[in-house]
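Visitor: I am new to this structure and would like to learn how to read it. Please show it to me.

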Amino acid sequence: MNHRIARTALFAAAVACGWMTACGPKTAQTETVNGRVLDASMNTVTIRTEAGDTLTISTLGADPAKVQGVLVDDSVSLTCRTIEVQGHNALEAQELNVTAHSPYFYIQGQWVEPNPIDSTAVQGFALNEDGTAASIGMATLQITGWNLTAPKTLILTGESIGNGQTLPMCDTLTVLRLDADSLVLGHGNGHVAWRLGRQK
């Protein structure tokens, strides 16, 4: 499941009693709910409301200018309405605003560390907002994409080049630390793979 951005697309309908409580009865009326993003995909966004309810909301037909992309753990204010899909009541987003960014928002950017072979150089990668990526100072490891999944898992994809062959690469890393200026990534065995600083 892609947790980086929730955008307008097809909607898989579902029914939950909490939906009717949060967004009112089956009418054209709208209501605003506040909560934290639990999951986000191409077709829905799931939030935990301040009241403790879990709501899955369609972005079908939403105006991208009013329903912006979100990340897991973003705090949001969302205006929705109840619609009928294949005979079932469901929620549809009308407007969504991020009131406080998730820490994962700050993972976007250029991250580097000293090159262990050449102390005058750095190596690392750039994580772009659209999910693409690029290697910095690494000719034999070409990182081309990234995805952040819960809980705190960064997946880097690309190609490993060497010994006359090019092989697909997929590295699953745990986010051990993330703040405005540092990013520490490790593997499941506790081994630290990267100690990176943000490149200005």
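Visitor: What should I know before starting?

Guide: This is a predicted model, in which local features need pLDDT of at least 70 and side-chain atom pairs count only at pLDDT 80 or more, while totals for chains, interfaces and linings use all residues. Residues are numbered from 1 along each chain as its sequence is written, and side-chain values use heavy atoms, with hydrogens and water left out.

Visitor: In what order do the five strands close into a barrel?

Guide: Strands of a sheet pair through backbone hydrogen bonds, either parallel or antiparallel. Strands here are DSSP runs (E, at least two residues), numbered from the N terminus, and two of them pair if DSSP finds at least two bridges between them. The barrel order is β1-β2-β3-β5-β4, with mixed pairing. From one strand to the next the twist averages 55°, where axes are lines fitted to C-alpha atoms and angles run from 0 to 180 degrees between N-to-C directions.

Visitor: Which way do β2 and β3 run, parallel or antiparallel?

Guide: They run antiparallel, joined by five bridges, and β3 covers residues 54-58. The two form a hairpin with four residues between them, and G52 in the turn has a positive phi of about 95°. On its pairing with β5 (residues 88-100), β3 is parallel, over two bridges; I57 has L91 as its bridge partner there.

Visitor: Where does T46 lie, and is it buried or exposed?

Guide: T46 is in strand β2, residues 44-49. Buried means under 20% relative accessible area, exposed over 50%, and partly exposed in between (1.4 Å probe, protein chains only). T46 counts as buried because its relative accessibility is 12%.

Visitor: What does the side chain of N115 reach?

Guide: It reaches the backbone nitrogen of I117 at 2.8 Å. N115 lies in the loop between β6 (109-114) and β7, and its 14% relative accessibility is why N115 counts as buried.

Visitor: How many residues has the largest nonpolar core?

Guide: In soluble globular proteins, nonpolar side chains tend to be buried together. A nonpolar core is a set of buried Ala, Val, Leu, Ile, Met, Phe, Trp, Tyr and Cys residues joined through side-chain atoms within 4.5 Å. The largest one has 21 residues, and I107 and F125 are among those with the most contacts inside it. β11 gives the most to this core, with four residues. A second, separate core of 17 residues includes A62, V70, L96 and V98.

Visitor: How many aromatic pairs does a search of the whole structure find?

Guide: Rings of Phe, Tyr and Trp (its six-membered ring) pair if their centres lie within 6.5 Å; planes under 30 degrees apart count as stacked, over 60 as edge-to-face and the rest as tilted. The search finds two pairs. The ring centres of F105 and Y106 are 5.2 Å apart with planes at 90°, so this pair is edge-to-face. F105 is partly exposed, at 31%. F125 and W194 have ring centres 5.2 Å apart and planes at 80°, so they are edge-to-face. That pair links distant parts of the chain, with F125 in β7 and W194 in β13, 69 residues apart. Both F125 and W194 are buried.

How values were computed. Polar contact = N/O pair within 3.5 Å; in protein donor to acceptor, adjacent residues only side chain to side chain.
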